[in-house]
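Biologist: I would like to go through this model with you. Could you show it to me before I begin with my questions?

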Amino acid sequence: MLACKTECSNHTFTAVLKSCANLSALGIGKTVHCHVIVCGYGLDLFVQAALVSFYTKCNELGAARQVFDEMPERSLVAWNAMISGYEQNGLAEEAIGLFNCMREAGMEFDSVTMVTVLAACSQLGDLGLGRWVHEYINVNGLRVNTTIGTSLINMYGRCGDVIKAREVFDSLNQQNVITWTAMISTYGMHGYGNEAMKIFHLMKHGPPPNSVTFIAVLSACAHAGLVSEGQLAYASMIQNYQIAPRIEHHVSMVDMLGRAGLLNEAYQHIQSMNDIKPNAAVWTAMLGACKMHKNVTLGVIAAENLLAIEPHHPGHFVLISNVYAMAGQMDRVEMVRNVMIEKGLKKQVGYSTIEVDNKTYMFSMADVSHPETDTIYKYLDELMERCREVGYTPAFESVMHEVEDEERAHALRYHSEKLALAFGLLKTREGSVIRIVKNLRVCEDCHVAIKFISVVTRRKIIVRDKLRFHHFEDGSCSCLDYW
Ligand code: ZN
Ligand code: ZN
């Protein structure tokens, strides 16, 4: 068309931009953007919406936002591409921020907006906004189809409200395989393995399970220590459903066997993976199990395989150094640490968030940025004293090798989840449930400490870490210390 000097219309540009978006062809798309401006379509609403969606699909969120901000009028489509662009790139906070602007601008939303915002709430653990969206759907009599229903289940599940997730599941007229899988995975994440298996068995009357369903089932079994159930499901997947195991299934199997202390079986499973090469996730599961059950021989094998695959991952070094420390091989711990320093590897920074009165507060380790820092630390110290009186002793060992020496004692005491918890206890009414989201795994000491805190404060405390949920109540945790 350009060669023939045929004039382009806004339809031409939206169609070409859509193609560029589907191909993630950033270079060509930028050239098209130039043509758009030259041809005088720079302020055409449809073309602008197409540009926003093109840039977000190419992960160019800055450029997308620039086009979006320049739009004299913003269509629903433009608001949606942009919000979902943030959400899909893991920027849930930005997605929610923009959604709030949309609400302030008095825009109506559609099911695409809802699904995106619910996904952002799931990422952040923002139960307040998630509930608001659900309420909005109810009040406005919007139809809850399977897609929205599944998003609601995921949102409630990921925000820690399993009962509500189940309520939504039961209320749906139609459930497809994704809905069933979402419910199984919700129960699994929370450590309710038996409930997960009940849903899986009920599925006999529903759609046939797919490969993802079995990942959810196996991971539920792994988290709840249901080894024989998991083995049966794995065999049935291959024999009855002709689904070939993917790497994710192998990871869950190794995790399940390993957590249950069947380390040799887990190692045999890895060796039996004929046509698939074990990846880092498989060896991480193996190494984690070796650490949990203090098996140094297999731990070292797993560690060496892991390092061969991903030699630059700081998390692996921490795990490996823990295995050596467990074996008392302190010279090797030192060696691993020196390699880390040499390579300039830093551990990922841990942080925890907590929602109080519809506002989310973030804490990092030994954080002093909160205006009420003094009160929070003072309260936390008192709290830990009360815990000590009823039998708590700090699990120093677990973090000894995870942080720099001078930080050890201090850091252990002021891990982000403890700070968030202290703040939450101070700011919420007696008896209410506390919900915390942590970006990394909960450490052993915090896990023990929170069990005691649930006793001395008589509170139910729910912590979502990188992999799963912990429901602390009356001194025990729903994970049964498998995590
Ligand atoms: Zn901790
Ligand atoms: Zn737990």
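Predicted model: local features only at pLDDT ≥ 70, side-chain atom pairs only at ≥ 80, totals over all residues.

Biologist: What is the mean pLDDT of the protein chain?

Modeller: The mean is 88, and 95% of the residues reach 70 or more. Here pLDDT is the predictor's confidence in each residue, from 0 to 100.

Biologist: Where is the pLDDT below 50?

Modeller: That applies over residues 398-407. Beyond near neighbours in sequence, this stretch has 23 contacts in the model, a contact being heavy atoms within 4.5 Å.

Biologist: Turning to the whole chain, how many helices and strands are there?

Modeller: The protein chain has 25 helices and 6 strands. Both are DSSP runs numbered from the N terminus, helices being H or I with at least four residues and strands E with at least two. The radius of gyration is 25 Å, close to the 23 Å that the globule rule gives for 483 residues, so the chain is as compact as a globular protein of that length. That radius is taken over C-alpha atoms, and the rule is 2.2 Å times the number of residues to the power 0.38.

Biologist: What share of the residues is buried?

Modeller: Buried residues make up 49% of the 483. Buried means under 20% relative accessible area, exposed over 50%, and partly exposed in between, with a 1.4 Å probe and protein chains only.

Biologist: Now the sheet: in which order do the strands lie?

Modeller: The 6 strands form an open sheet in the order β2-β1-β3-β4-β5-β6, with mixed pairing. Two strands pair if DSSP finds at least two bridges between them. At the edges stand β2 (359-364) and β6 (476-477), each with a single partner strand, so one side of each is left without a neighbour in the sheet.

Biologist: Which way do β1 and β2 run?

Modeller: They run antiparallel, and 6 bridges join β1 (residues 351-356) to β2. Glutamate 355 has threonine 360 in β2 as its bridge partner. Strands β1 and β3 also run antiparallel, joined by 3 bridges, and isoleucine 354 stands opposite isoleucine 436 in β3.

Biologist: And β3 with β4, parallel or antiparallel?

Modeller: Strand β3 (residues 434-438) pairs with β4 in the parallel sense over 4 bridges. The bridge partner of arginine 435 in β4 is isoleucine 462.

Biologist: Why is β3 largely enclosed?

Modeller: Strand β3 is largely enclosed by the rest of the structure because 4 of its 5 residues are buried. In β4 (residues 461-464), Ile461 and Val463 point one way, Ile462 and Arg464 the other, and all are buried.

Biologist: Last topic: which residues are the protein donors of the zinc ion?

Modeller: They are His415 (ND1), Cys443 (SG) and Cys446 (SG), 1.8 to 2.4 Å from ligand 1. Donors are N, O and S atoms within 2.8 Å of the metal (3.2 Å for Na, K and Ca); water is not among the atoms, so sites may look incomplete. Along the chain, the spacing is H-x27-C-x2-C.

Biologist: Are those cysteines buried or exposed?

Modeller: Cysteine 443 is buried, at 9% relative accessible area, and cysteine 446 is buried at 0%.

Terms used
Residues numbered from 1 in each chain as written. Chains lettered and ligands numbered in written order. Heavy atoms only, no water.
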